[in-house]
Amino acid sequence: MKKLNIFAAFAAITLLSGCMDISKLIETENKIDPPVRPVPNNMPEVNEVADELYDSNWYPLLCTNLLMGEKKTIVPDKVTNNDVKKALYQIVNDCPQIFWLGGVYYAGTVTDGSEIKIDFLKDYDTYDVSEMLEELDDAANDVISGIPSGSSDYEKALYVHDYLIENTEYDHSKQAYTEFGLWGSSYGCLVEKKAVCGGYSEAFHYIMQKLGIESGICTGSNHEWNYVKIDGDYYWVDVTWDDNDEGAPQHTYFMFTTEQLLRTRSFDLIQSFVPECTETSCCYFVKNGGFFESYDEKAVLEYVENHTSESHCEIMFGSFEAYEEALNSLIGKSKLYKADGLGLNGVSYYRNDNVYSLDIIFK
C-alpha cells in the first residue's frame with residue numbers, strides 16, 4: 001500500500017459468563033449452555049480507497065487544510081460527495097489526531113474546481129482545535145513514555161492495548177450511540193478517558209503512528225477496530241472488545257486472524273486498506289503458551305496452575321471441537337477443580353464461543 005506524506009459496539013460477540021464455588025466442585029455434571037458453532041461472514045468485495053486518493057491532487061490538500069482547522073477547502077478538481085465519503089474513511093487512517101469532524105459533508109462545483117466542506121463537531125472552532133491538539137499530543141506522549149526501554153514492537157503494541165483498556169471508560173450513554181462527539185475520537189479516549197469503539201481504535205492507531213509501527217483502522221457491523229504490522233505480518237487488534245468494563249484487560253482480540261475476525265463481524269464495503277491476516281505467531285495466546293490445538297486436560301490444568309498468582313488466565317483452542325470438549329470437561333464435569341492454587345473462594349469465567357476462548361478469573 002502506498003504512503004501519503006502529509007506534514008505536520010459488543011453486540012456482535014457471543015460472550016457468556018458464569019462463576020463456580022470451588023468448594024462445591026465435584027466429579028458431577030454441571031449444566032452449561034452448549035456452544036453453538038459460529039457461522040463466519042463472507043468477505044465482501046471491498047473498495048480499498050487509499051491508493052485512489054493518494055493518486056489525486058485534492059486529497060492531500062484537504063488533509064492539510066483540515067489539520068490547520070479549516071472547514072472549507074477549494075481544490076482544482078471535480079470532487080463529488082461520494083469522493084468525500086471515501087476520503088473520510090482514509091482521513092481517519094492518515095490523521096487519527098483529527099478528532100473534530102462531524103457527520104455532515106458537502107462537495108460542490110465552483111469556478112476554479114470544487115469546494116469541499118466538512119462540518120466540525122458542535123461548539124469547536126479553530127482556537128479550540130489548536131489547544132486540544134496539544135493536549136492530545138501530550139497524552140499520547142505520556143503513554144509512550146511508560147513503555148519499558150528495549151520493548152519489541154509486539155510489546156509496545158501490547159502495552160498500548162492494555163493502557164487504553166485500563167485508563168478508558170467505555171461510554172454506554174445513549175448520546176454516544178446516536179450523535180457524533182469526542183467519545184468517537186482519539187481525543188475522547190486519550191484525554192477525556194471516555195470513548196466508544198472509534199475512540200479506542202483511533203487512539204491506538206495514533207500512538208502506533210508515533211511509534212513508527214504500521215497500523216490502520218477498518219470498519220464494519222457498526223464497529224471500528226485496528227490492524228497492525230508486527231515482524232512483517234499483519235494482525236487484527238480490537239481494543240474495545242478486550243475491555244470488559246471490569247478487571248484486568250482481556251486479550252481475546254489482540255493479534256488475531258481474519259478467519260477469527262469473520263466469525264464476529266463483517267466489513268463495510270469502503271475501506272482504506274484491508275490486509276491479509278493469516279499469521280498466528282504473535283497471537284497473544286500463542287505467544288504466551290495459552291493456545292491449545294486440541295484439548296489436553298493435563299496440559300490445560302498445568303497452564304492454569306502456572307497463572308493462579310495472577311488475576312486471570314486466558315486460554316484459546318484451535319477448533320470448535322477442542323473448545324467444546326474443554327467446556328464440557330473443565331466446566332461441565334468440574335475438571336477445573338483439579339488445578340492447584342485456585343483457592344477457596346472459587347473462580348468465575350468468561351467464554352467466547354466465536355473465537356473458542358475461555359477466561360478464568362481468580363477470586
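Which residues are buried in H12? They are Phe320, Ala322, Tyr323, Ala326, Leu327, Ser329, Leu330, Ile331 and Gly332. Buried means under 20% relative accessible area, exposed over 50%, and partly exposed in between (1.4 Å probe, protein chains only).

This is a predicted model, in which local features need pLDDT of at least 70 and side-chain atom pairs count only at pLDDT 80 or more, while totals for chains, interfaces and linings use all residues. Residues are numbered from 1 along each chain as its sequence is written, and side-chain values use heavy atoms, with hydrogens and water left out. Helices (H or I, at least four residues) and strands (E, at least two) are DSSP runs, numbered from the N terminus.

**Helix H2 and its cover**

- Helix H2 (residues 58-67) is largely enclosed by the rest of the structure, because eight of its ten residues are buried.
- Those buried residues are Trp58, Tyr59, Leu62, Cys63, Thr64, Asn65, Leu66 and Leu67.
- Their cover includes helices H1 (50-54), H3 (81-94) and H4 (126-145). Strands E3 (72-75), E4 (101-110) and E5 (113-120) are also among the covering elements.
- Gly69 follows H2 and has a positive phi, near 85 degrees.

**H2 against H3**

- The two helices pack at an angle of about 60 degrees, with their axes 11 Å apart. Axes are lines fitted to C-alpha atoms, for helices over the stretch in contact, and angles run from 0 to 180 degrees between N-to-C directions.
- H2 and H3 are therefore oblique to each other. Angles under 35 degrees count as roughly parallel, over 145 as roughly antiparallel, 65 to 115 as roughly perpendicular and the rest as oblique.
- Their crossing is right-handed; that is, the near helix is turned clockwise from the far one by less than a right angle.
- Trp58, Tyr59, Leu62, Cys63 and Leu66 in H2 contact Asp83, Val84, Ala87, Gln90, Ile91 and Asp94 in H3. Contact means heavy atoms within 4.5 Å.
- By class, this contact of H2 with H3 has eight nonpolar, one polar and two charged residues. Ala, Val, Leu, Ile, Met, Phe, Trp, Tyr, Cys and Pro count as nonpolar, Asp, Glu, Lys and Arg as charged, and the others, Gly among them, as polar.

**H4 against H8**

- H4 and helix H8 (residues 197-211) pack at about 70 degrees, with axes 10 Å apart. That makes H4 roughly perpendicular to H8.
- H4 passes H8 in a right-handed crossing.
- From H4, Leu136, Asp137, Ala140, Asn141, Val143 and Ile144 meet Tyr206, Ile207, Lys210 and Leu211 of H8. The residues of this contact divide into seven nonpolar, one polar and two charged.

**Nonpolar cores**

- The largest nonpolar core has 84 residues, of which Leu190 and Trp236 touch the most other members. Such a core is a set of buried Ala, Val, Leu, Ile, Met, Phe, Trp, Tyr and Cys residues joined through side-chain atoms within 4.5 Å.
- Beyond its neighbours within four places in sequence, Leu190 contacts residues including Leu136, Ala140, Val143, Tyr206 and Ile207.
- Another core, of 26 residues, lies apart; among them are Tyr295, Leu301, Tyr323 and Leu336.

**Loop residue Ala339**

- Ala339 is in the loop between helix H12 (320-332) and strand E15 (347-352). It counts as buried, at 5% relative accessibility.
- Setting aside neighbours within four places in sequence, Ala339 contacts Leu301, Val304 and Glu305.

**Positive phi**

- Asp231 has phi near 50 degrees and is exposed, with a relative accessible area of 62%.
- Met255 has phi near 65 degrees but is buried, with a relative accessible area of 0%.
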